[in-house]
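Let's take a walk through this one, with the structure open beside the text.

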Amino acid sequence: MADRNNIKNPEENNRRRIWGTYGGEVLAALVIIVLVVGVAFWVNKFFYGFENPQIAFTETPAQNKSEGSGKEKTGKTFKQSDDWRLILVNRDHPLEGDEDREFTELRHGQSVDSRIYPDLQAMFDEMREEGLSPLVVEGYRSNEEQKEKFESKIREYMGYGKTRDQARELALQWVAEPGTSEHETGMCVDISSDNGDNESANEVWKWLDSNCSRFGFIKRYPYDKSSITGLKGEPWHYRYVGAEAAEEIMKKGITLEEYLGAVPQGGT
Ligand SMILES: [Zn+2]
């Protein structure tokens with residue numbers, strides 16, 4: 001009886017031997033498969049998907065082409081203002097003309113239109129007096145630089161097997177088409193904190209929200225106005241429009257498009 005209980009089915013013995021001999025390899029193979037799938041998922045997510053730390057300070061269109069054309073024309077009556085401070089540059093209104101402009105270089109190598117520099121400096125002086133450490137991450141970007149930025153994004157996607165047309169569509173999700181970035185005017189700045197942490201940057205943006213208009217700046221792309229501006233919220237992007245317009249825009253919580261009567265049809 002006891003003996004019979006100890007006798008194992010020969011097939012079971014075989015299975016045990018096989019598992020004993022190859023178990024390690026099978027386990028290793030499974031681990032490798034899991035790792036490969038994991039890395040593939042991460043690469044896909046990083047380069048094609050939702051998160052990309054490198055785009056923290058680029059313009060991000062609010063809608064895909066399929067959701068809204070972005071080529072909708074504004075009211076036929078819209079004309080650019082004669083006031084240089086109120087120039088409108090967005091996906092519907094590319095920067096026109098190549099007038100001579102002067103630029104002032106800032107401490108960290110960025111530059112801005114010289115006409116906005118005194119107010120920008122005054123704003124930064126006051127922030128520093130109040131213990132904040134603001135930093136201009138990006139100011140003026142030439143059309144050439146915008147083209148390079150755009151092309152490099154296209155090449156990045158082509159490097160992952162996309163056709164040029166596909167790569168272009170994907171690049172448009174991260175980089176404004178050359179001619180349509182407000183940075184090409186030299187009248188806006190992306191501001192963060194010199195301390196490099198999120199908390200400090202948030203403090204800077206909070207201060208700017210309450211005080212920027214006194215210096216002629218507006219928060220250009222509020223989160224809740226993306227259907228009008230065409231860009232997702234950008235708490236770091238501040239645009240110079242002069243104190244009078246800035247006070248009204250910030251007080252009413254409107255956009256430059258609304259202020260100028262240039263809301264795209266279909267926008268809300
Ligand atoms: Zn910006």
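This is a predicted model: local features need pLDDT of at least 70, side-chain atom pairs count only at pLDDT 80 or more; totals for chains, interfaces and linings use all residues.

Start at helix α3, residues 117–129. Its 13 residues reach 18 Å from the first C-alpha to the last, which is close to the 18 Å expected at 1.5 Å a residue.

Now look at which side chains of α3 are tucked away: Leu120, Met123, Phe124 and Met127 are buried. These residues sit on the same side of α3, because they cover an arc of only 95 degrees around the axis. There's a simple rule behind that kind of pattern: an α-helix has 3.6 residues a turn, so residues three or four places apart point the same way.

Just past the end of α3, Gly131 takes a positive phi of about 85 degrees.

Some of those strands turn up again in the sheet. It's an open sheet of 4 strands, in the order β3-β4-β6-β5, and the pairing is antiparallel. Strands β3 and β5 stand at the edges with a single partner strand each, so one side of each has no neighbour in the sheet. From one strand to the next, the twist averages 45 degrees.

Zoom in on the β5 end: 4 bridges join β5 to β6 (residues 234–240), and the two run antiparallel. Among the residues involved, Phe217 has Tyr240 in β6 as its bridge partner.

Terms used: Residues are numbered from 1 along each chain as its sequence is written. The expected span of a helix is 1.5 Å times one less than its number of residues. A residue is buried if 20 or more other C-beta atoms lie within 10 Å of its own, exposed if 12 or fewer, and partly exposed in between; C-beta atoms are placed from the backbone. The arc is that of the directions from the helix axis to the C-beta atoms. Two strands pair if DSSP finds at least two bridges between them. Axes are lines fitted to C-alpha atoms, for helices over the stretch in contact, and angles run from 0 to 180 degrees between N-to-C directions.
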